[in-house]
Amino acid sequence: MIAKSENRFIRLNFISIVVTLLVILAGGIVRSTGSGMGCPDWPKCFDQYIPPTSASQLPANYKEKYVAQRLAKNERFAKTLEKLGKADLADSIRHDTSIAQPEAFNVANTWTEYANRLVGVVAGFCLILLVVYSFAFKKSAKRIIVLSILNLILIGFQGWLGAIVVSTNLTQWVVTAHMLIALVILGILIYTYNYAKMLHKERSVIMYRILWLKGFLAFTIIITIIQIILGTEVRESVDAVAKSLQFNGRNTWIGKVGAIFSYHRDLAILVTICNFIVYKMVIDRFSGKGWPLLTANYIMITLIVQIATGFLLSYLALPPYAQAIHVLFSMLLFSLQYYLYLLVYRTATYKPN
């Protein structure tokens, strides 16, 4: 019997997972629509809590003002990197001329970026409440408290890194780090959700062949994470190509990305094969039982959507809606794979005589 206070944590944890995925979707929309610099400052937007709806609401020198603020913030960030022994990265930020380029006001981009920030604020509040609710497990599972606090620290760091993303004018490696931290936050949420939910349940007992599924599923998750990283690098390369062409000739961008796109496409084939093997192994070992098979079914649906959006991106000149969906479903695929791994990991095994 699960206590009411524990149930409250489990429900909020699930909501937090959904909200985190919405943050990722919102971030994908921001990237695909070129709205990343829609708000030139952070956490406010044009020094306002409610963004402007027209350029007439902005001071005449707003471009120079925000460029100066951005350069000052980047200098502080560069000094921090130097203290950490990252002098090359510090120099790359100092000498990136794109950072000094002012962004013209665009109301659609501004409100798209602002909506992204609002969803991020909701996620932050969810994680604050999760820390409070996690103390329901102070006697039975202290790791839930520790991980919830860690996640709150991570989302605080993620917010700070979001400010750096803005101030560095979407510097590529910073954007990649931003995505990877989101992946860690999501992974911790999935772990605490499953651990709290399964805390008082007995383990299922299945034939020893489940060990092969555990190992292969772990391999598949690693390949998926590598694929997500490569996908982020492809997105960064596309951004660089788009800027070099002044955002013209969209149908030529993919062709100019280079080898990284080929690696991403080829690895997608391996990801697909691995997930089909996982699906077959789940069917064989669980014989239609419960959550493992249902989760595997969701993985296959997610994979199909992921493949479809990949084709759209490759052959229809990177439509923005497909970019956002592709990012979301890549993270959803990881989430479902990891949740399936946790379900399988709890399964006790024995070798028949």
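**Nonpolar cores and salt bridges**

D91 is partly exposed, its relative accessible area being 33%. This residue belongs to a network of salt bridges that also links E75, E82 and R94. The model is predicted, and it holds seven salt bridges. Its largest nonpolar core has 78 residues, and a second, separate core has eight.

**Nonpolar cores**

- Within the largest nonpolar core, which comprises 78 residues, L213 and V282 touch the most other members.
- Helix α10, spanning residues 320-345, supplies the largest share of this core, with 13 residues.
- Apart from neighbours within four places in sequence, L213 is in contact with V278, M281, V282, R285, F286 and V344. V282, one of these partners, is the residue named together with L213 for touching the most other members of the core.
- A second core of eight residues is separate, and C39, C45, Y62 and Y66 are among its members.

- R94 and D91 are joined by a salt bridge between their side chains, with an N to O distance of 3.8 Å.

- R117 and E113 form a salt bridge in which the closest N and O atoms are 2.8 Å apart.
- The two residues are four residues apart in helix α4 (residues 107-134), so about one helical turn separates them.
- R117 counts as buried because its relative accessible area of 11% is under the 20% cut-off.
- E113 is also buried, with a relative accessibility of 6%.

**The pair at R265 and D266**

- A salt bridge connects D266 with R265, and the closest N and O atoms lie 3.8 Å apart.
- D266 has a relative accessible area of 43% and is therefore partly exposed, since only values over 50% count as exposed.
- R265 is partly exposed as well, at 45%.

- Side chains of opposite charge can pair when their charged atoms come close.
- In this predicted model, such pairing is found for the buried residues R117 and E113, and for the partly exposed residues D266 and R265.

Methods
Residues numbered from 1 in each chain as written. Predicted model: local features only at pLDDT ≥ 70, side-chain atom pairs only at ≥ 80, totals over all residues. Heavy atoms only, no water. Core = buried A, V, L, I, M, F, W, Y, C linked by side-chain atoms within 4.5 Å. Buried < 20%, exposed > 50% of the residue type's maximum accessible area, 1.4 Å probe, protein only. Contact = heavy atoms within 4.5 Å. Salt bridge = Lys/Arg side-chain N within 4 Å of Asp/Glu carboxyl O.
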